[in-house]
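The following paragraphs lead the reader through one protein structure, step by step. Please keep the sequence and the model in view while reading.

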Amino acid sequence: MADNRLPEAGDRIAKLLARAGVASRREVERMIAEGRVALNGKVLDTPAVKLDNLSGVTVDGKAVGAAEAPRLFAFHKPSGLITAERDPQGRPTIYTALRNALPRGAGRVMPIGRLDFTTEGLLLLTNDGEMKRAMELPSTGVPRTYRARAFGDVSQAQLDELIEGIEIDGIRYGRIEADLERGSGKNRWIEMKLTEGKNREVRRVLEHLGLQVNRLMRTAYGPFELADLPRGQATEIRQVDVERYRKDLMRSAA
């Protein structure tokens, strides 16, 4: 009589598929629930399956290759692009620009976090779903740095109060380091560093202070900076730096 039990050793299949760059762990779990993942021809209905490797695993009927070395790319996202593979409204996406910006052989990459349609600046992309998830989790405390140009009156004392966090319309935003750059007039630049990255967090906080944001750009994510990367261009982070950072990140995410 054949033994149809699934193997229990190794790592959970969602983790392995995320590590192989198929999608984030959460997205993989959704794919399994939709019946899109199979092992040796048997459609899986749970992400709890543990495997030593991805031999015999298919997604949408296609075999999954072995995990590649983690890669990380920095992309200077221009305003006017959606951070998604497709948009129901037909607006251009980051992948439209990435076709020409990424080097040949970059393979499939996923954005780490998102930038709004009108937000520009540093967008990191990776083939490693585990690293993506860890960098996005608020619990790992990976800092994101933004520069916002805002119209209105605000003092450094008001911005200093954000260090304790703030609640807006029932949503609690954690610690924010904010510095008003020198200058005069009603349009002022403000640098903000935060670790949660909730939806439209920077805009909501500044609007709550009575400011109107007319330009927003992310200048850093973790230790990786936008620097002088031209708008619409991408560059690959050195492999040694990616491996070193990933090791420390996974230790803090464990």
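**A covered strand and its surroundings**

Strand β9 is mostly covered, since seven of its seven residues are buried. Buried here means under 20% relative accessible area, while exposed means over 50% and partly exposed lies in between, with a 1.4 Å probe and protein chains only. Helices (H or I, at least four residues) and strands (E, at least two) are DSSP runs, numbered from the N terminus. The model is a predicted one, in which local features need pLDDT of at least 70 and side-chain atom pairs count only at pLDDT 80 or more, whereas totals for chains, interfaces and linings use all residues. Residues are numbered from 1 along each chain as its sequence is written, and side-chain values use heavy atoms, with hydrogens and water left out.

With which strands does β9 pair? Two strands pair if DSSP finds at least two bridges between them. Six bridges join β7 to β9, and these strands run antiparallel; the partner of K77 in β9 is G121. Strand β8 (residues 110-112) also pairs with β9 in the antiparallel sense, over three bridges, and M110 stands opposite T126. With β15, by contrast, β9 pairs in the parallel sense over two bridges, where E120 stands opposite M217. Strands of a sheet pair through backbone hydrogen bonds, either parallel or antiparallel.

T126, which lies in strand β9 (residues 120-126), deserves attention. Is T126 buried or exposed? Because its relative accessibility is 0%, T126 counts as buried. Its side chain takes part in polar contacts, that is, pairs of N or O atoms within 3.5 Å; within protein, one atom must be able to donate a hydrogen and the other to accept it, and residues adjacent in sequence count only if both atoms are side-chain atoms. The side chain of T126 reaches the backbone oxygen of R71 at 2.7 Å, and a polar atom of this side chain lies 3.0 Å from the backbone nitrogen of D128. Contact in general means heavy atoms within 4.5 Å. Not counting residues up to four places away in sequence, T126 touches R71, L72, R108, V109, M110, I112, M131 and K132.

The next element is helix α6, in which E201, V202, R203, V205 and L206 are buried. The cover over these buried residues includes β10 (144-151), β11 (166-168), β12 (171-173), β13 (176-180), β14 (187-194) and β15 (212-221). R203 lies in this helix, which comprises residues 201-208. R203 counts as buried because its relative accessibility is 8%. Its contacts, leaving aside neighbours within four places in sequence, are D116, T118, T119, V213 and L216. Just after α6, G210 takes a positive phi of about 90°.

L206 is also one of the residues that touch the most other members of the largest nonpolar core, together with L162 and M192; this core has 35 residues. A nonpolar core is a set of buried Ala, Val, Leu, Ile, Met, Phe, Trp, Tyr and Cys residues joined through side-chain atoms within 4.5 Å. Helix α3 (residues 94-101) gives the most to this core, with four residues. Leaving aside its neighbours within four places in sequence, L162 is in contact with G174, R175, I176, A178, M192, V205 and L209.

Helix α2 (residues 25-33) has V28, M31 and I32 as its buried residues. Seen down the helix axis, these residues fall within an arc of 100°, so they line one face of α2; the arc is that of the directions from the helix axis to the C-beta atoms. The buried residues pack against α1, β2 (37-39) and β5, whereas R26 and A33, on the other side of α2, are exposed.

Strands β2 and β5 also belong to an open sheet of four strands, with the order β3-β2-β5-β6 and antiparallel pairing. Its edge strands are β3 (42-43) and β6 (62-63), each of which pairs on one side only. Two bridges join β5 (residues 57-59) to β6, and the partner of T58 in β6 is A63.

Finally, the whole chain may be considered. The protein chain has seven helices and 17 strands, and 43% of its 254 residues count as buried. Its average pLDDT, the predictor's confidence in each residue from 0 to 100, is 90, and 96% of the residues score at least 70. Over residues 1-7, however, the pLDDT is below 50, and this stretch has eight contacts in the model beyond near neighbours in sequence.
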